[in-house]
Amino acid sequence: MVSIDKVEITPAPPSAKPTLAASGWMTRAQEAVLPPVVALLIAAVVGDVLILSYGQSPGTVYRLLIEGTWANAYGFGQVLYKTTTLTFTGLAVAIGLRAGLFNIGAEGQLAAGGFLAALVGLVLPHGLPALLTLPLYFVVAAIGGGVVGAVPGALKARFGAHEVITTIMLNFVVLALLNYFTAAHLAVAGTLHTNAIHSGMLSRLASFWNGFHGSAANLVLLIAVAVTIGAWWYLFRMRGGFELRAVGLQPEAAEYGGVNVGRVWITAMTLSGAIAGIGGLNFVLGYKGYYEDGFASGAGFMGIAVAIVGRSHPVGVLLAALLFATISQGGLAVNALVPQQIVDVLQAVVIIAVAASVPEVRRVLRTAAGRAAASLRTA
Amino acid sequence: MTEPASASAEPLAIHLTDIVKRFGAVLANDCASLQVRRGEIHSLVGENGAGKSTLMRVLSGMYEPQAGRMEVNGRDVTGWSTAQAIEAGVGMVHQHFMLVPTLTVAENVTLGREITRGGQLDRERAIRDVRALSERTGLTVRAEQRVSELSVGEAQRVEILKALYRGARILILDEPTAVLSPPEIEELWTVLRGMRDRGETIVLITHKLDEVMAISDTITVMRHGRTVERLRTADTTPAAIARAMVGRDVQLVPDQSAGRAPTQPPIDRIGASTLLTVEDLHVSSTSRANAVAGVSFTIAPGEILGIAGVEGNGQSELLDALAGFRPSRGRVAIDGRDLTDLSVKQRGDAGLSHIPEDRHLRGLILDYSVADNLILGQQHRFTRGGGRLDEPRIHANAARQISDYDIRPRNAALPARALSGGNQQKIVIAREMARPFQVLLAAQPTRGVDVGAIEFIHARLRSARDAGKAILLVSADLAEVLALSDRIAVMYGGRFVVVLPRAEASPEVLGPYMTGADRGDGSRAA
């Protein structure tokens, strides 16, 4: 048998030193930013058509939308308040996606974090300094959400239970349990909320600048920004993030690289749940000062859209949260001219347009389809 | 370029002119041309990534060319669909089989052209038809058997039958011998010659020169997406074809010994001790309870043990178990240290290095940068202070490996996906050679790698051997096993059926063991 076994290799021409600079930085930034921008343009066109169909001028409606959100302090404060919660739930979903997991359970995790924080708040004595209570609340909310997140992670690692199913189902379980505890044991008579917390409430932004008067925006916004930076640091600068992303991209290669894939799943889901849980502080500590049943009101699910539009990148998530908060608050502002539901349509168009182009989603869907096909084959 | 076909008055079976096919920025076919006469076996050769498969996919209607002209039997068919290609009798057998494992041979062959009677499947007639076709062509298979029970060679015959059943008169085979043992290859040649003698046309995509010389009448050589030469097999030599393939002189060496210093005979180099010890290893796979059924061997420092065998005889499961991906029974030890209960990471720290058989699945994270891929598996060694990645050291490591292993392009920030197969494999080799190790598992180290990189990788394996490492080499390429190994084991049905010193091994000696005709226990299978 003849094999080509010896080749005269022409010596390589003396080339420049290996390039280490991220030469593709610009291209990659374009690739990341382009789909959301195109999606926004598509949404704007669809919005025009809808607004025209109601006999209104798109210019007027959009002007009203901007005036009701970014152009006045109260509206902007409301946008910031909504941005805060959406940042947490968006980051939660994004971290899951980075590990190859679709966390649909941010809604329950958010509620559990807020509930546990409120529970602790109710038993804390009056007058403790915020410097002492804030770390406690932070940790407790993270534990509340983290435990709810860890369960699907552990079920997947141990039994291979698909996280989409378990997180969806756990939402029902958690929300029903919280509803029961609140209604049966903790609620102020005639309401579905607890007594007020007396210790460690966080200041509204309005107390620093009066322009925000009346809006719910509060200092938890700063925590959201800090957690965003922390999530970025973890994902892209830490060994844990290196391994987490490796598991999300190619679990077999991660395993080959000495990564315990099951442990990463549990870690990622716990982190994801914890971040969603911390989001509960926005309502409980920053806004109302008590836990109220149903406060999450879809913010957990909206986190999926935020993560997808934000391309599962922490900075992208922050910007996407701002976008969805603006659209949502803008819906209230334009209610007089067109039905508020138009903005729901716009949100949906943005999500569909981005989802169709985002690799993370395509990859998760593809592996899900692949697994289904594989199980059919072995069946 | 010679034009041996133009003299004939009969239209060419296949006549492709200046085909251009672009994928994004990649020019897969750049004015590629192909002329094949009716009733000949034509080899389409070239290195990996030369554009052979792309050109054949254009011909079979899977891809639409951006430019160029396609004629089949004198008819202009430029940009036709797969359905039209099948209709016109062009059939392609792909490298990766496209069969439904739960269906029988007859059902697979007739799939899409089912024979019905009154709206019901006529199973008996399907079986009869497939049997008749099987007898006529010499492609022996049992029509009632489920495809999941077939060997790889049999599955390939089913693929060919499927194409013929659909009326293929022009048959394209993409690297058909990659999964076959030497006797199975001979059988395939007999079948193909029979088809040629009946006037059918065959195009064979391959990069193995001995096959080209053995079977084809004419040859087209492709390089970098272009067709660079058209040759008559009778008028050429393997060296000339190799030169056309790589575009420079290539020295063909019949077997090993290359690179081994004559002053250093293997007997001196190989120590008396053992570095890797495997005792009575049993491994189950998802489909088979005893994929590895009691394998024992040792490898000495400075020794390469090569495992030959047809793919699917437990080699992958053996490697998975040694690497720690798959649970196993038995004992594995490196230099006396028991690995049996250790994790993948712990095995790496204990001195195990691993070039995995599938670099796209395990060996690389394709979306990670070259720099990040060069630390995969050793990320815990590239941290400082509480799990923070040590970027400066990661970059320094990348810069060193890229220049030591001549990884191109020389850009550590590119995703691994953007590199060619050979350069991707160099990343894997560089990483696994750079870590501290005593035992190296080298699985298909040159699969899908171009000729220049193959020599480079072989040289690295030899120098690791000379440095006293123990190497377990698994390769589907028998020539590679023969070229590198000091001892050769043949794996069949999950067992080592024979272990021979290199000097006693040859394709002729190993062939019967590879097919299971000789089980190594004195008994000969029927």
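Two strands are said to pair if DSSP finds at least two bridges between them. The model used in these exercises is predicted.

**Exercise 1. State the strand order of the sheet of chain B that contains β19, and identify its edge strands.**

Step 1. From one strand to the next, the twist averages 20°.

**Exercise 2. Describe how β22(B) is paired with β19(B) and with β23(B).**

Step 1. With β19(B), strand β22(B) pairs in the parallel sense over four bridges. Within this pairing, B:His354 stands opposite B:Leu441 of β22(B).

Step 2. With β23 (residues 470-474) of chain B, strand β22 (residues 439-443) of chain B also pairs in the parallel sense, here over five bridges. The bridge partner of B:Leu441 in β23(B) is B:Leu472.

Step 3. In general, the strands of a sheet pair through backbone hydrogen bonds, and the sense is either parallel or antiparallel.

**Exercise 3. Determine which way the residues of β19(B) point, and whether they are buried or exposed.**

Step 1. B:Leu352 and B:His354 point one way from the strand, while B:Ser353 and B:Ile355 point the other way.

Step 2. A residue counts as buried if 20 or more other C-beta atoms lie within 10 Å of its own. B:Leu352, B:Ser353, B:His354 and B:Ile355 are all buried.

**Exercise 4. Locate helices α10 and α15 of chain B relative to the sheet.**

Step 1. Helix α10 (residues 315-323) of chain B lies across β16 (303-308), β19, β22, β23 and β24 (487-492) of chain B. The angle between α10(B) and β22(B) is about 150°.

Step 2. Helix α15 (residues 421-434) of chain B packs on the sheet and touches β19 and β22 of chain B. Its direction makes about 175° with that of β19(B).

**Exercise 5. Classify the packing of α2(A) and α12(A) by angle.**

Step 1. Two packed helices are described by the angle between their axes and the distance between the axes.

Step 2. Helix α2 (residues 58-69) of chain A packs against helix α12 (residues 314-333) of chain A at an angle of about 110°, with the axes 8 Å apart.

Step 3. Angles of 65 to 115 degrees count as roughly perpendicular. The helices α2(A) and α12(A) are therefore roughly perpendicular to each other.

Step 4. The residues in contact include A:Leu64 and A:Leu65 of α2(A), and A:Thr326 and A:Gln329 of α12(A).

**Exercise 6. Describe the largest nonpolar core and the surroundings of A:Phe324.**

Step 1. The largest nonpolar core has 260 residues. Among those with the most contacts inside this core are A:Phe324, A:Val306 and B:Leu473.

Step 2. Helix α10 (residues 261-288) of chain A supplies the largest share of this core, 15 residues.

Step 3. Leaving aside neighbours within four places in sequence, A:Phe324 is in contact with A:Leu86, A:Met302, A:Ala305, A:Val306 and A:Gln347.

**Exercise 7. Find where the confidence in chain A is lowest and highest.**

Step 1. The mean pLDDT of chain A is 86, and 86% of its residues reach 70 or more.

Step 2. Confidence in chain A is lowest in strand β1 (residues 3-7), at a mean of 38, and highest in helix α7 (residues 220-237), at 97.

Step 3. Over residues 1-23 of chain A, pLDDT stays under 50.

Note on methods:
Residues are numbered from 1 along each chain as its sequence is written. Chains are lettered from A and ligands numbered from 1 in the order in which they are written. This is a predicted model: local features need pLDDT of at least 70, side-chain atom pairs count only at pLDDT 80 or more; totals for chains, interfaces and linings use all residues. Helices (H or I, at least four residues) and strands (E, at least two) are DSSP runs, numbered from the N terminus. Axes are lines fitted to C-alpha atoms, for helices over the stretch in contact, and angles run from 0 to 180 degrees between N-to-C directions. Two residues are in contact if their C-beta atoms, placed from the backbone, lie within 7 Å. A nonpolar core is a set of buried Ala, Val, Leu, Ile, Met, Phe, Trp, Tyr and Cys residues joined through C-beta atoms within 7 Å. A residue is buried if 20 or more other C-beta atoms lie within 10 Å of its own, exposed if 12 or fewer, and partly exposed in between; C-beta atoms are placed from the backbone. pLDDT is the predictor's confidence in each residue, from 0 to 100. Angles under 35 degrees count as roughly parallel, over 145 as roughly antiparallel, 65 to 115 as roughly perpendicular and the rest as oblique.
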